[in-house]
Amino acid sequence: MDYYSTLVFGSIFALIFLYTALQKLSIKKLPPGPSPWPIIGNIHLLGAKPHVSLTNLAKIYGPIMSLKLGQIATIVISSSSMAKQVLKNQDQAFSSRFIPNAIQHNYYKFSVACLPICPQWRTLRKILNTNILSPNNLDANQHLRSQKVKELITYCEKCSQQGQPLDIGHVTFKTNLNLLSNTLFSQDLADLFSDSKVELKEVIWDILTEVGKPNLVDFFPILEKIGLQGIRRRTSVHIVNVWVIGRDFTFWDDPLVFKPERFWSSDLDMRGQDFELIPFGVGRRICPGFPLALRMVPVILGSLLTSFNWKLEADIEPKDLDMEKFGITLAKAHPLRAIPFPL
Ligand code: HEM
């Protein structure tokens, strides 16, 4: 072997040795997790339903585990007690969001949901909490909510008379959208009675699907160099698997059975106090819309159930409705379409 070949091979071995040693050093500080493959890390373990794959991995590695998603070190929390320990004591450290590359360039600079904790985020949260979604303001807008729910029931009456099914997700989305747009701009944004081909819900859902799609740059920030954007400081993220926390057999009786009555005698606080039930998140990033959601969800559901009887559209089986579609939120794979008929 000549001098140059020895130099090249020697350098390659030295680099591999250095890389392996650094990997080991950094892994030592992290919670347990599956061994990462070169380059892709553990991405191949996520599959089409990451929430289910992460649940299965947590059975092996425990309620706090680490994964390497491409270049990104990811801490996954899979139990309520671990979520409490980590999120309550380290709220500040866990308060910044992982923002998909698809929306990093413009939108995120103005969105309360995407901004890191900073003065602009605090101002936006203050406007939401004190001006738009405060209990006083919501009480003052009670008439708006009644009006929008009445319109929803009128639409259901029309479907009932014609024996037509309606898409429950669709109509409740439009009702909520109109409620918000009336609160903010005194105007409806959606028409319950319109059959327009391109529905706003579809447009918004398509945007969310695009945003939720894994993008190479999200896992390999170094690729951003190609677009001359520079590498953002984003070396670690955390995921709280709320899906598995809500299905914890050691806490919930029959967690997979639909039993709304389980909440009748429960004094669990779902506003971020009891980590067994955190549909609105916890800490300083908790959903600011929860006072509105807590008013709207029972009123809409209660009005639909007490105004009509319901049957499923003919060719749909209840078991088909249990399927989930993974995305930025978990949606039903098949929408719930049902026909209202008089009580
Ligand atoms: C049943 C209805 C709802 C559920 C289950 C829900 C759930 C959530 C969750 C889990 C988060 C993330 C919290 C975290 O990171 O810890 C969130 C954030 C957020 N939600 Fe909601 N939400 C609902 C309704 C609403 C409504 C009606 C609004 C507005 C009117 C809203 C506005 C927001 C905003 C702006 C954020 C971002 C807050 C921030 O990052 O500072 N949500 N929501």
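The protein's secondary structure comprises eleven helices and eight strands, where helices (H or I, at least four residues) and strands (E, at least two) are DSSP runs numbered from the N terminus. This is a predicted model, in which local features need pLDDT of at least 70 and side-chain atom pairs count only at pLDDT 80 or more, while totals for chains, interfaces and linings use all residues. Residues are numbered from 1 along each chain as its sequence is written.

**Confidence and overall packing**

- The mean pLDDT of the protein is 83, with 81% of its residues at 70 or more; pLDDT is the predictor's confidence in each residue, from 0 to 100.
- Over residues 227-233 pLDDT stays under 50, and the model has seven contacts beyond four places in sequence for this stretch. Two residues are in contact if their C-beta atoms, placed from the backbone, lie within 7 Å.
- Among contacts in the protein with a separation of 6 or more, 61% join residues 24 or more positions apart.
- Of the 343 residues in the protein, 16% are buried. A residue is buried if 20 or more other C-beta atoms, placed from the backbone, lie within 10 Å of its own, exposed if 12 or fewer, and partly exposed in between.

**Sheet β1-β2-β4**

- Three strands form an open sheet in the order β1-β2-β4, with mixed pairing; two strands pair if DSSP finds at least two bridges between them.
- β1 (64-69) and β4 (236-240) are the edge strands, each pairing on one side only.
- Neighbouring strands of this sheet are turned by 25° against each other on average, direction ignored.
- β1 and strand β2 (residues 72-77) run antiparallel and are joined by six bridges. Leu 69 stands opposite Ile 72 in β2, and Ser 66 stands opposite Ile 75 in β2.
- The hairpin of β1 and β2 has two residues between the strands, and Gly 70 takes a positive phi near 65° there.
- Six of the six residues of β1 are buried. Ile 64, Ser 66 and Lys 68 cover one face, and Met 65, Leu 67 and Leu 69 the other.

**Sheet β3-β8-β5**

- A second open sheet of three strands has the order β3-β8-β5, with antiparallel pairing. β3 and β5 stand at its edges with a single partner strand each, so one side of each is left without a neighbour in the sheet.
- Strand β3 (residues 166-167) is joined to β8 by two bridges, and Asp 167 has Arg 337 of β8 as its bridge partner.
- Strand β5 (residues 309-312) is joined to β8 by four bridges, with Trp 310 opposite Pro 340 in β8.
- Strand β8 (residues 337-341) has a covered face, made up of Ala 338 and Pro 340, whereas Arg 337, Ile 339 and Phe 341 lie on an uncovered one.
- Helix α6 (residues 142-162) lies across β3 and β8 and runs at about 85° to β8. Axes are lines fitted to C-alpha atoms, for helices over the stretch in contact, and angles run from 0 to 180 degrees between N-to-C directions.

**Ligand surroundings**

- Of the 16 residues around the ligand, Ala 113, Gly 281, Cys 287, Gly 289 and Ala 293 come nearest; a residue is near a molecule or strand if its C-beta atom, placed from the backbone, lies within 6 Å of it.
- Helix α11 (residues 290-307) supplies the largest share of the shell around the ligand, with three residues.
- The shell divides into twelve nonpolar, two polar and two charged residues. Ala, Val, Leu, Ile, Met, Phe, Trp, Tyr, Cys and Pro count as nonpolar, Asp, Glu, Lys and Arg as charged, and the others, Gly among them, as polar.
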